[in-house]
Amino acid sequence: MTAFRPGPGEESPEDILGHACALVRLCGQDAAVAVVLLALVLVGTVTRLAAGLPGVAALALLPVLAGAFAVSAGYVVRSRLTLVAVLGEVRGRTGAPVDPGVPWTPFASSTALDERVRDVELRRLLSAAHRCGELSWQAVAWAVTSAVLFLFWTLAAAMAGG
């Protein structure tokens, strides 16, 4: 990993931090969308099962629906855990209270971070933000898949007369 070196076309540390913060915000929004879709699927499935057992075809589709649901929920959790772990590591290495909603300035700290350390930590933070963004996007994709599977499952249950 190399430290930030100013040059033509290079991003400043503030730009890198801004990019990382934007990715973290998008990650949170994607995770929220996935959680809402998963909540709707869960409530719909439980409601449908409470009304009575569906037919054989619908019961055969239920494990597929549950699998897609579990994958999406797993991605949401992994995204959050990855972000929390990286922020904890950055805090441990720098002593700065890092919060994705608050820029890098360490509050109540009398010493500024060494530029080389700051740049390495910013690159790590940006890398983690990209990883969290990918995980949260996959969570949304699997949540949408779960919603579509839920619709097919509901149709199969209705066609079986259950």
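Trainee: So at what angle do H1 and H2 pack?

Mentor: Keep in mind that this is a predicted model. Helix H1, residues 13-50, packs against helix H2, residues 56-94, at an angle of about 150 degrees. Their axes are 10 Å apart.

Trainee: How are H1 and H2 oriented to each other, then?

Mentor: Angles over 145 degrees count as roughly antiparallel, so H1 and H2 are roughly antiparallel to each other.

Trainee: And is the crossing of H1 and H2 left-handed or right-handed?

Mentor: H1 and H2 cross in a left-handed way.

Trainee: Which residues make the contact?

Mentor: On the H1 side you have Val24, Cys27, Ala31, Ala34, Val35, Leu38, Val41, Leu42, Thr45 and Leu49. H2 brings Leu62, Leu65, Phe69, Ser72, Ala73, Val76, Ser79 and Leu83.

Trainee: How does that set divide into nonpolar, polar and charged?

Mentor: The contact of H1 with H2 has 15 nonpolar residues and 3 polar ones, with no charged residues.

Trainee: Switching to voids: how many cavities of 30 Å³ or more turn up?

Mentor: Searching the whole structure gives 2 of them. The second largest cavity holds about 40 Å³ of space.

Trainee: What lines the second largest cavity?

Mentor: Leu61, Val64, Leu65, Leu149, Phe152 and Trp153 do. H2 and helix H3, residues 115-159, each supply at least two residues of that lining.

Trainee: And what classes are in the lining of that second largest cavity?

Mentor: There are 6 nonpolar residues, with no polar and no charged ones. Leu65 is among the lining residues, and Leu65 of H2 is also part of the contact with H1.

Notes:
Residues are numbered from 1 along each chain as its sequence is written. This is a predicted model: local features need pLDDT of at least 70, side-chain atom pairs count only at pLDDT 80 or more; totals for chains, interfaces and linings use all residues. Side-chain values use heavy atoms; hydrogens and water are left out. Axes are lines fitted to C-alpha atoms, for helices over the stretch in contact, and angles run from 0 to 180 degrees between N-to-C directions. Helices (H or I, at least four residues) and strands (E, at least two) are DSSP runs, numbered from the N terminus. Angles under 35 degrees count as roughly parallel, over 145 as roughly antiparallel, 65 to 115 as roughly perpendicular and the rest as oblique. A crossing is left-handed if the near helix is turned anticlockwise from the far one by less than a right angle, and right-handed if clockwise. Contact means heavy atoms within 4.5 Å. Ala, Val, Leu, Ile, Met, Phe, Trp, Tyr, Cys and Pro count as nonpolar, Asp, Glu, Lys and Arg as charged, and the others, Gly among them, as polar. On a 1 Å grid over the protein atoms alone, a cavity is a set of points where a 1.4 Å probe fits but cannot get out, and a pocket is an open set with protein on both sides within 12 Å along at least five of seven lines; lining residues have an atom within 4 Å of a point. Grid points are joined across faces, edges and corners, and a volume is the space filled by probe spheres set on the points.
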